[in-house]
Every structure is written in C-alpha cells, then in structure tokens.
Amino acid sequence: MAVFLFILLSLTCIGSILGMILSKNQAHSALYLILAFVCTGGLFGLMSAPFIAAVQIIIYAGAIMVLFIFVIMMIDIRKGLSPERKKWILYPSLGIGLVLIIELIFILSNTLVPSKAGTIESFGSPKTLGKVLFTKYLYPFEITSVLIIAALVGAIVLVKKKEEK
Amino acid sequence: MIPIYYFLILSAVLFVMGTVGFLIKKDLITQFMCVEVMLNAANVAFIAFARSASSLNGQIIVFFIITVAAAEAAVGLAIILLVYRQKKSIKTEDSSLMKG
C-alpha cells in the first residue's frame with residue numbers, strides 16, 4: 001500500500017514538474033508547480049513527518065505560490081515576448097542534466113545510510129517537533145523571525161514607487 | 001516500509017529537473033520556480049535521512065529551509081517586478097545590458 005502511494009505521488013510530482021517546464025504559459029506553470037508541491041507534501045507524510053507535510057502544503061503550496069500568481073497577474077506576459085533566439089542552449093543543458101543525474105545516483109549508491117530499527121510512535125508529530133524547536137533550536141527560531149521581517153521590509157522598499165517631488 | 005534509496009533517487013531526479021529547467025527556460029518567473037523545485041528536492045533528501053536516522057534534526061532543518069524559501073520568494077519576486085518595470089519584459093534575453 002505504502003509503495004503504491006509512493007509510486008503514485010512521485011510519478012505525479014515528476015509529471016507535473018515536466019508540465020511546468022514544458023508549458024508556455026507562466027500561470028499554467030504555477031498551477032503545475034502547486035500540484036508538485038502537494039505531492040511532495042504527501043511524500044513527507046509517508047516518511048513519518050506529518051507536521052512538515054502540513055507546513056509544506058500550507059506555506060509552499062499556499063503562501064509562496066499565491067505570491068507567484070499575484071506577480072504573474074501584475075505582469076503582462078504577452079507584452080515582453082521576444083522571439084526565441086537561442087535554441088542551441090537546449091542540448092548543452094540536457095547534457096549537463098545527464099551528467100549531473102549520473103553523478104548523483106553514483107554518489108547516492110555509495111552513501112552510508114544509517115538505519116535504526118523501530119521508530120518511535122510519535123516521531124515527527126507536532127508535539128515532539130515543537131519541543132525540539134523551542135529548546136534546542138530556540139535561537140535559530142528567533143533569528144528566523146528577524147529574517148522574515150527583514151525580507152518583508154526589503155520587498156516593500158524595493159517595489160514602492162518613488163514619490164515625485 | 002519503503003526503502004530509503006527510493007526517496008534519495010526521487011530527490012536526485014527532482015534536483016536535476018530543476019537544474020535543466022533553469023537552464024532551458026527564458027523567463028525569470030519560470031526560472032525562479034525551477035529554483036523552488038531544487039530547494040524542494042533538498043527537502044525530500046533531508047526528510048529521508050531524518051527518517052532513516054530516527055533523528056528530528058533533519059525535519060527541523062526542513063522547517064527552516066521552508067521559512068527561508070518564503071523570505072527568498074518575497075524578495076525575488078519584488079526584484080522581478082522591478083526588472084519588469086524597467087525593461088517592460090521578463091525575458092532574460094532582454095536584460096543583457098552587461099553583455100558587452
């Protein structure tokens with residue numbers, strides 16, 4: 001059952017990323033990417049990380065992709081279309097991809113994977129994760145909030161139109 | 001129990017798809033989406049290792065990666081909007097002022 005779910009989710013994920021790369025319309029690409037992120041969330045759920053799965057679906061597939069779609073809405077995508085001049089870039093990049101995947105699979109097949117038999121029942125639940133987050137990782141957690149407010153202020157300052165004097 | 005290697009192979013495939021997509025696409029928004037796909041591939045690998053080591057540290061790192069990705073998306077999209085305002089286009093070929 002779990003293997004079947006894994007195959008279904010990963011094939012949907014890979015297929016929707018292919019659709020994202022191949023589609024000409026940016027809005028369609030964003031919708032394909034949402035599907036891919038939801039599938040990844042399902043995979044996280046399979047790997048005994050229910051809290052991270054929820055965070056993935058709420059923040060990635062929800063918040064970040066809504067930002068993308070807002071920006072696509074504000075930009076006139078047909079206006080800036082210039083004729084595709086460089087077609088030759090396709091073959092070198094496919095070559096780079098091929099080399100990269102061979103390297104990665106070679107590395108991964110030599111990886112020592114630690115395995116402890118029998119995970120705890122509450123592994124990855126919000127309660128245990130929150131305990132670790134607020135004790136061992138308290139300072140990184142607080143610094144993350146500073147990072148987010150800096151990004152927020154930075155984005156507003158960047159996009160704000162200068163007042164004419 | 002699914003073998004850990006399946007997840008690692010899936011993560012490698014996702015990462016390579018993100019890389020190739022970044023190289024062959026020609027508009028800034030889709031390239032940015034490909035960067036998100038690469039981040040996501042790293043997340044899959046982290047979660048897989050966290051489960052195989054029964055350690056929560058991997059999941060915490062994924063939590064932080066997702067937060068940083070949110071901040072990065074906000075700033076990156078603001079920069080894309082600025083490029084669009086200056087060049088009236090989001091094609092990478094149209095922003096080649098420094099090409100010489």
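## Interface between chains A and B

About 7,200 Å² is buried between chain B and chain A, and carbon and sulfur atoms give 79% of that area. The model is predicted. Met33(B), Phe63(B) and Ile66(B) supply 8% of the area that chain B buries against chain A, more than any other three residues.

In terms of contacts, 73 residues of chain B meet 81 residues of chain A.

## Polar and charged pairs

Across the interface of chain B and chain A, 0 salt bridges are found. Polar contact, by comparison, is found for 10 residue pairs across this interface, counting pairs with both residues at pLDDT 80 or more.

## The side of chain B that touches chain A

Three helices of chain B, α1 (4-24), α2 (28-53) and α3 (57-87), each supply at least two residues of the side that touches chain A. Of the elements of chain B, α3(B) gives the most to this side, with 23 residues.

By residue class, the side of chain B that touches chain A holds 50 nonpolar, 12 polar and 11 charged residues.

Val3(A) is placed in helix α1 of chain A.

Key
Residues are numbered from 1 along each chain as its sequence is written. Chains are lettered from A and ligands numbered from 1 in the order in which they are written. This is a predicted model: local features need pLDDT of at least 70, side-chain atom pairs count only at pLDDT 80 or more; totals for chains, interfaces and linings use all residues. Side-chain values use heavy atoms; hydrogens and water are left out. Contact means heavy atoms within 4.5 Å. Buried area is the accessible area (1.4 Å probe) that two parts lose on being put together, summed over both. A salt bridge is a side-chain nitrogen of Lys or Arg within 4 Å of a carboxyl oxygen of Asp or Glu. A polar contact is a pair of N or O atoms within 3.5 Å; within protein, one must be able to donate a hydrogen and the other to accept it, and residues adjacent in sequence count only if both atoms are side-chain atoms. Helices (H or I, at least four residues) and strands (E, at least two) are DSSP runs, numbered from the N terminus. Ala, Val, Leu, Ile, Met, Phe, Trp, Tyr, Cys and Pro count as nonpolar, Asp, Glu, Lys and Arg as charged, and the others, Gly among them, as polar.
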